[in-house]
Amino acid sequence: MKAIRRFSVRPVLPEPLRPLSELARNLRWSWHPETRELFQSLDPEGWRAAAGDPLRLLGSVSADRLAVLAEDRRFRRRLAAASDDLHDYMTGRRWYQEQPEGLPAAVAYFSPEFGITAALPQYSGGLGILAGDHLKSASDLGVPLIGVGLLYRHGYFRQSLSREGWQQEHYPLLDPNELPLSLLREPDGTPSRVTLALPGGRRLLASIWKAQVGRVPLLLLDSDVEDNGPGERDVTDRLYGGGSEHRLLQEMLLGIGGVRAVRAYCRISGHPEPEVFHTNEGHAGFLGLERIRELAEQGADFDAALECVRAGAVFTTHTPVPAGIDRFEAALVARHFGEGGELTGIDVDRVLELGREDYPGGQGGLFNMAVMGLRLAQRANGVSTLHGQVSREMFAGLWPGFDPEEVPITSITNGVHAPTWVAPEVFRLGARRIGVARAEDALAVGGSERWDSVADISDADIWELRRTLREQLVEEVRRRLRASWRERGAGSAELGWIDGVLDPDVLTIGFARRVPSYKRLTLMLRDRERLTELLLHPERPVQIVVAGKAHPADDSGKRLVQELVRFADDARVRHRLVFLPDYGMAMAQRLYPGCDVWLNNPLRPLEACGTSGMKAALNGCLNLSVLDGWWDEWYEPDFGWAIPTADGAAMDDDRRDDLEAAALYDLLAQRVAPRFYDRGAGGLPGRWIEMVRGTLATLGPKVLAGRMVREYVERLYAPAAEAHRALEPHAASELAAWKARVRAAWPAVAVDHVEAVSDGPLNGHAELGSTVSLRVSVTLGELDPSDVEVQAVAGRVDQADRLTRTVAFPLKATGAPGLDGRRLYEGPLTLDRTGPFGYTVRILPAHRLLAGGAELGLVAVPSEAVGEAAGVLMR
């Protein structure tokens with residue numbers, strides 16, 4: 001029989017144990033070992049059965065056991081200490097509170113997914129884990145963040161395998177009442193809701209659930225409410241599911257509904273209103289439109305409201321290819337924002353302009369969420385140095401006339417939340433050297449260039465730690481592999497071989513991630529005989545643990561999974577290579593520490609960052625990776641290996657994969673395995689241990705999410721808050737009017753003449769250190785000198801006379817305009833480098849409230865007819 005209604009029956013805790021409820025509902029337990037150990041002590045067997053989820057545990061502990069614990073003075077003292085520690089954590093001054101005044105009162109952080117803990121499965125991969133780590137590190141640093149997302153009743157999906165190795169998807173129903181969530185309620189006790197208008201007079205309602213992530217509230221919108229129609233109830237059914245309109249409704253609810261949820265939460269709780277809105281990828285981009293609507297209701301016109309919104313907005317792109325961006329038919333967007341839809345006070349044509357691909361190569365009939373995100377944010381960034389460069393090139397069409405290097409997209413390299421991902425054994429080893437408090441601070445806040453105390457850890461201790469972690473991984477793999485084979489239909493009598501899977505003394509390689517084609521799950525299978533030789537080498541064997549999910553709609557990705565699984569099923573190698581289904585946070589927390597080498601072989605430069613290798617590195621695992629994402633930035637031979645890239649322009653896909661796979665095999669056979677098995681005094685691999693030490697000491701401080709969040713605060717949040725405050729209504733109207741006037745007048749702006757005056761002849765050669773005086777005649781038309789900046793731009797030149805490694809400096813206006821209206825600008829140019837050197841001049845719009853000269857995408861440069869003086873000086 002099937003229940004017609006479901007309830008969540010919660011335990012009634014004895015009065016002395018009431019603090020357990022608060023500890024269980026604040027997700028700080030997911031990265032705080034002492035709190036987890038406290039819950040484990042309630043009922044060790046129940047803790048394992050609850051998969052380490054305190055709420056599930058409390059729901060299963062018997063009343064008799066609770067009564068015994070309530071009388072246990074030792075347990076009550078531990079509980080009081082944990083409760084007091086949480087109170088201090090929530091209320092004490094942290095890094096953010098010690099910074100100079102001027103930081104934002106609050107920041108709203110929007111993301112389509114959040115990976116906080118396996119107990120709250122609202123993530124699919126790296127984007128969500130990054131968002132979760134961002135929230136946790138903000139909490140540790142005391143940053144007043146409010147997270148905003150959607151609550152997916154079916155999460156992403158659970159993965160299993162058929163007998164033939166084909167991926168199977170399962171969508172378990174998640175009951176919010178059984179999750180570490182509380183329903184946001186109005187002061188009168190009724191549930192707080194947000195409402196969106198839909199075409200045809202329909203409405204989309206959503207409840208607001210709150211997860212407490214340390215100090216950070218995370219608001220999750222849930223459309224599964226009784227007052228919605230069936231279609232509307234399913235809007236938040238699953239992550240990245242459904243067709244185009246379904247996705248559009250999800251993103252409208254996330255962006256527009258998310259802002260309304262933030263307003264409701266701040267009104268009810270008294271939390272400061274956000275001064276900065278951060279969009280983690282384009283899915284939440286509609287939040288800017290809702291903020292424009294709010295300002296329009298207060299009397300601002302669209303252009304002034306747009307300037308206000310842009311000033312306080314930050315947009316982070318994670319996508320290295322246009323195909324990875326959400327794009328909708330413009331007609332679909334127009335229908336939802338037109339008559340009877342959302343934001344009826346805003347002209348739908350202005351909405352469409354924000355997402356239109358009106359640049360060379362764009363498709364005018366599509367609405368691009370990333371393009372809208374960039375147009376609605378004054379500050380934008382990629383997630384590694386290389387990805388910032390890729391993003392500037394990909395979106396250069398939005399800033400015509402500027403070289404990609406000057407496109408206003410910076411980069412802040414991702415980091416990972418060390419308290420979540422560092423194994424307890426690794427933490428304890430460090431804490432023995434520097435103390436628990438200093439170790440916690442080093443992992444959560446960071447700030448050091450190196451962790452020099454790692455040098456004090458003996459080789460024997462490091463090697464014992466590595467073997468312990470490897471042994472734990474072997475046990476975990478065997479347990480999961482047995483469960484997987486039972487799901488595939490195998491009987492116990494068939495599975496005796498699993499007891500011999502993996503060896504705690506064999507070099508262990510990990511590879512786990514989502515399975516889009518560019519990550520090349522099966523590159524290792526390119527030459528199966530070569531791989532088999534590596535796996536079965538009599539003296540230097542390797543073993544590989546693989547995990548990953550393909551998107552439910554990606555049959556090509558599923559075929560890659562099946563290809564890998566079928567190889568791993570081969571009786572010759574199945575004890576050396578395993579595929580573990582249902583990759584998620586719980587598995588990852590055992591997988592990263594237990595591996596000796598973390599493998600990453602994407603197509604360069606398609607890995608925006610690739611944070612899995614960072615989590616492995618924090619546990620002393622060495623990286624073996626293509627130079628992509630963060631590894632391109634921080635790789636050194638002292639602590640890892642770089643897989644060469646076959647990236648010639650004429651290289652076909654098969655040839656490239658053959659070459660890179662061969663390079664991978666060579667590295668494993670000739671450098672990685674020999675170093676692992678090269679044993680010296682006491683049977684220790686001294687050179688390998690030195691690389692582990694270098695990974696911890698040098699990479700450790702760099703890959704921290706604490707470092708990342710501090711960079712966001714200092715480089716993006718603080719300037720955005722300052723710009724937001726500067727754009728009060730009058731200033732915003734003035735800036736909008738100025739931009740309109742500049743855009744209208746710009747066609748008449750021109751560089752008319754450039755003259756260079758030097759002590760010596762400028763015949764293609766000049767001496768280092770000499771100075772050239774530039775005199776530039778310009779036409780400004782209807783604009784004043786205060787509206788522009790005339791610059792000289794100098795740098796090295798390539799053989800096509802393109803400037804590189806440039807430096808720009810302003811020229812000064814001299815005197816009144818001539819009779820023909822032209823103005824003269826002058827300034828010195830110092831020839832400060834040898835070799836091919838050149839310069840040009842340009843005119844940019846200039847205003848005190850602009851974030852940079854490229855913001856408007858307007859530039860005037862000399863025409864070819866202006867003369868050679870704008871070209872090369874030194875050869």
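Tutor: The account below begins with one annotated lysine and then turns to the cores and to confidence. This is a predicted model, in which local features need pLDDT of at least 70 and side-chain atom pairs count only at pLDDT 80 or more, while totals for chains, interfaces and linings use all residues. Residues are numbered from 1 along each chain as its sequence is written, and side-chain values use heavy atoms, with hydrogens and water left out.

An unreviewed UniProt entry lists Lys615 as "modified residue: N6-(pyridoxal phosphate)lysine"; such annotations may be inferred rather than shown by experiment. Lys615 lies in helix 23, residues 612-617 (helices are DSSP runs of H or I, at least four residues, numbered from the N terminus). Lys615 counts as buried because its relative accessibility is 4%, buried meaning under 20% relative accessible area with a 1.4 Å probe, protein chains only. Beyond residues up to four places away in sequence, Lys615 touches Ile129, Asp133, Val416, Trp421 and Tyr592 (contact means heavy atoms within 4.5 Å).

The largest nonpolar core has 109 residues, and Met524 and Leu624 are among those with the most contacts inside it. Such a core is a set of buried Ala, Val, Leu, Ile, Met, Phe, Trp, Tyr and Cys residues joined through side-chain atoms within 4.5 Å.

As for confidence, the chain has a mean pLDDT of 93 (pLDDT is the predictor's confidence in each residue, from 0 to 100). Over residues 869-875, however, pLDDT stays under 50. Where pLDDT is low, the predicted coordinates should not be read in detail.

Notes: Helices (H or I, at least four residues) and strands (E, at least two) are DSSP runs, numbered from the N terminus. Buried means under 20% relative accessible area, exposed over 50%, partly exposed in between (1.4 Å probe, protein chains only).
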